[in-house]
Every structure is written in structure tokens, then in C-alpha cells.
Amino acid sequence: MEEFLQKQERREEKNKRKNRPIVLMTYVFVLVFLGLFGYVIYFLVKDADRVVANTGNRRQDVMAEVVQRGEIRTSDGTVIARSVEKDGEEVREYPYGEMFCHVVGYNGYGRSGLELSMNFQLLTTHENIFKQVQDDLSEKKKPGDNVITTLDYKLQKAASNAMGKHKGAVVVMEPDTGKILAMVSKPGFDPNEMEKVWDEIHTEEGEKSTVLLNRATSGLYAPGSTFKVVTALEYIREHKSVDGYSYTCKGEDSFNGVKIVCYKHREHGNVDLEHAIGYSCNTAFANMGMNDLSMEGLRKTAEDLLFNQELPYDGSTSTSSFVLSGFSSRDMIPQTVIGQGDTQITPIHNAMIMSAIANGGVLMKPYLVQEIRNSSGAVVKTYSSSSVKSLMTAKEAKQLSELLAAPAEYGTSSWKFKNYRHKIIGKTGTAEIDSEGHCNSWFVGYSNPEDPDIVVSVVIEDSDSDGLTGVEVAGAVFEAYYP
């Protein structure tokens, strides 16, 4: 009997060993099934809309068969893109033509701008369910949701009119929220005539055309003297003060064999850091770069201010570049510290740097859309401001703001802003673009430093052709903001 029980135990143990892999595989399959089931639920609840909203998802084209594309409006309710019927077909219409062409974009021959980034929202309907059923029964398209932007019609018009036919860009934003109030890029195009535009840029003459390029976000320019803000910040970081710098400007000087000339060879005499900023003294900053700054430190400060990295912006942007380092040849320093050389920046990036200064060092993420509303006007979704990070300390931002008051008070922009009814903080810039002396003109700054209102970043290409400057365009924007 005892022997029989022992055999039975051995048999059961043997069977257990045989069955163990089967049990293990069963558990694995159950866990995999539960994981897949859980992911499906998570996807439907959290990720489905994001995936469908991806600009590369072809399902959005199917949505266009049953939903009429919604409107795009400015913050004050002006319709800047809408769908209308012509000859029995749905056609996209842009009432203001070129004025909003790059920021709103186009829908047809591909998409760009808000027409691309908000495509899913424009083709989604949140209309009353009974109205949707009624539309289905009558085989009518459902009305898509409307995109309410942060754009201000008045400021967009002022910037566009001030630029005229000049090439360049303007970005206007609120430093404490990140709202983009205006974004203009020229030359532009008429999005109502995309077939004509498309044909023109695909001819031999038009293949080098840049009319579709949004210069505000993707145009790369030498920053000129606006880069002196970065150089000044590095001086403050290394010397722990704005005081102590002194240099005698004679209008031109040579640094490591590189000749640096101030504007019109003007002699600024003995200047400290404030006056070097106010007069935009090239020789003072070149001397500072050669004798008072670490190039590794300057590179780090430039990268703290978002050079050489992707910008915190949901649209398409180019990466601003700063190439100097501690290993670079010293003859690169004089041009680099005054914003020439190989350094490049986009107008929106320059606006971000100035916004951080205006906002106590903290950069708010720039954004273009504030609300999604259904066709009846009910709010479907609200977009709010969010901080990116501190680009500098509050103390550094205050020091820079105090230095940047000088150009408007007695320096390079005082001819426009010295007696202006609102105090202007900012920096001008002139960047040579060729050996013949042609220049781009910059202005980047903000108004009302006690409680900053707007930041304006302007670049005008080849400004010496007829004398239009970034300061003039910025002045027109400020005038429109303060009626």
C-alpha cells in the first residue's frame, strides 16, 4: 500500500512538471490579452483623436466628404478663411488674400499654416446631435468646428501695411501669455489663387521663388546688433554686474586682424555697457568679446536662449544657429559678438528672447489658437498659455531691460521712440548681407516695461534700398495697439 502511494505521488509530480510549461504559456497569453485589451481602451479614450488629428493621417480626407470645413477667425471675430459653394462645389475662400497667407496657409495643392495644423479640428463637428441626424437624412454635409485664433486683425493689418512690398517678417506676441497677435511674412501669395501660384513656382523662372516660405518662423537671418543682447547677458553672467565695462570708441578698430566699424564710422567716445547698447557700438562689443568674455560661456548662454535647438512652437520652424566655441579661431570673435559671421536667427526666436526679458526671464510658449467653437458658437475646447522654462534669472532680465531702455531714450531708436507716449524697451540691428553694403534692418522690443503689453520682432530685407527700417514698422504696430 505504501509503495502504491509513493508511485502515485511520483506520477502526480511528473504530470505537474509536464503541465508547468502549459500553465506558464496560459498565463502569458492571458496577460498579453489583458494588455492588448487595456491598450485598446486607453487608445480609444486618450489617443484616438490625437492619431486621427495627425497631419499625415489620410482619414482626414475621408472626413472632408461628410463635413464642411469650418471657419478660421481672428480673436475679434473677423473671418479669415471659410468654405463656400461655387458651381455646386465646396471652395475655400480667404477674404483678405495675402494679409494672412502664411499664418493661415492654404487648403488645396497640399496644406500649410493653420489649415494644416488645425485640419482635424476644422473637419470635426460638435453640432447638436439632432442637427447632425437631420443633415445625414438630407444628405447634407455637417458643419465643421470653427478655429478662433489669437491673431488681432488690427495689428496684422498694421504690420502688413507698414511693410508694403518689402521682403521680411513681423511677429507680435504677448510676453506674459505667449499669444501671437500678428504674424506677417513677405513676399506673400493669394491663397484664393493656389492653382496660379502653384503653376508659377513650378516654372523655370519661379523655381527659386520663396513666396511660400513663412519668413517669420522659418526665415534665417544674421541677427545683427540684436545679438548684442546675448553678448551683454554673457558679460553680466561672467562679471556679476552691468558696471565696470569701459571702452573708448574711435569709430573703427582692428581686433586680431579683423576691422570693425561703427555705423557711419561714428565715434562714440568713452562708453560703458549701457551706452554701448544704446549707441549699438560695434567696436565696444568687439573689444568686449576679445578681452572680457569666454567663448564657451557665450555659446552656453546662446544655447540657454534656444540657439542650436528646436523652438517651443507647434508650427514648423527653422533652427537658429550659433557656431562659435572655445575651439574657434579668435578672428571669428569680433564679427560673431556683434551678430554677424555665421550666426543666424528666425524672427519668432528673436521675439521669444525679448518676451523672456519682458516676462522676468520666463518664456511662455507661443501659440496661435485660443478656442475651438462649433458652428452655433458653443466653446468646444479652450487653449491656455503655458510656460516653457526660464531662459534667464529675474535679476538678469531686469538688468537687460534697464540696459535696453537706452536705445529709445537717446540711442539708435530715439528718433522714433524718445517722446513716445509709452516707454519702449528694445534693440535695433543692421546686418550686412553682402560685400556691397546691402543690409537687413531689425527691431525687437516691447512696450510698457512696468507691465509689458506686446513684443514686436521685425526684420526688413535689403532695407537700404529705400530706407524702410524695422523701427518704422514696429512703430506702426505700436501705434495700432495704442489707438
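Where is the place of Tyr94 in this chain? Tyr94 sits in the loop between strand 4 (89-93) and helix 3 (101-104). Helices here are DSSP runs of H or I with at least four residues, strands are runs of E with at least two, and both are numbered from the N terminus.

Before I go on, the ground rules. This is a predicted model, in which local features need pLDDT of at least 70 and side-chain atom pairs count only at pLDDT 80 or more, while totals for chains, interfaces and linings use all residues. Residues are numbered from 1 along each chain as its sequence is written, and side-chain values use heavy atoms, with hydrogens and water left out.

First, the whole chain. The protein chain has 19 helices and 19 strands. Of its 483 residues, 49% are buried. Buried means under 20% relative accessible area, exposed means over 50%, and partly exposed is in between, with a 1.4 Å probe and protein chains only. A contact means heavy atoms within 4.5 Å. Among contacts in the protein chain with a separation of 6 or more, 65% are between residues 24 or more positions apart.

Back to Tyr94. Tyr94 counts as buried because its relative accessibility is 4%. Leaving aside neighbours within four places in sequence, Tyr94 is in contact with residues including Ile80, Ala81, Tyr106, Glu115 and Pro191. With Glu115 there is also a polar contact, side chain to side chain, at 2.7 Å. A polar contact is a pair of N or O atoms within 3.5 Å; within protein, one must be able to donate a hydrogen and the other to accept it, and residues adjacent in sequence count only if both atoms are side-chain atoms. Arg82 is 12 residues from Tyr94 in sequence, and their C-alpha atoms are 6.6 Å apart in space.

Strand 4 takes us to the sheet. This is an open sheet of 6 strands in the order 4-3-2-6-14-15, with mixed pairing. Strand 4 and strand 15 (379-382) are at the edges with a single partner strand each, so one side of each has no neighbour in the sheet. Two strands pair if DSSP finds at least two bridges between them. Within the sheet, strand 2 (residues 72-73) and strand 6 (residues 146-149) run parallel and are joined by 2 bridges. Arg73 stands opposite Ile148 in strand 6.

Elsewhere there is a hairpin. Strand 10 (residues 252-255) and strand 11 (residues 258-261) pair in the antiparallel sense over 4 bridges, and Asp253 stands opposite Ile260 in strand 11. The hairpin has 2 residues between its strands, and Asn256 in the turn has a positive phi of about 55°.

That brings up backbone geometry. Most residues other than glycine have a negative phi, and most peptide bonds are trans. Asp87 is not a glycine, yet has a positive phi of about 55°. Asp87 lies in the loop between strand 3 (79-86) and strand 4, and is exposed, with a relative accessible area of 83%. Ser280 also has a positive phi, near 55°. Ser280 is in the loop between helix 11 and helix 12, and is buried at 10% relative accessible area. The peptide bond from Lys186 to Pro187 is cis, with omega near 5°. Pro187 is in the loop between strand 8 (180-186) and helix 8 (194-201).

Now the helices. How do helix 10 and helix 12 cross, and at roughly what angle? The axes of helix 10 (residues 228-239) and helix 12 (residues 282-291) come within 11 Å and cross at roughly 45°. That makes helix 10 oblique to helix 12. Axes are lines fitted to C-alpha atoms, for helices over the stretch in contact, and angles run from 0 to 180 degrees between N-to-C directions. Angles under 35 degrees count as roughly parallel, over 145 as roughly antiparallel, 65 to 115 as roughly perpendicular and the rest as oblique. Lys228, Thr231, Ala232 and Tyr235 in helix 10 meet Asn282, Phe285 and Met288 in helix 12.

Last, Thr125, in the loop between helix 5 (119-122) and helix 6 (129-137). Thr125 is buried, with a relative accessible area of 16%. Its side chain reaches the backbone nitrogen of Glu127 at 3.3 Å, and a polar atom of the Thr125 side chain lies 2.8 Å from the backbone oxygen of Pro143.
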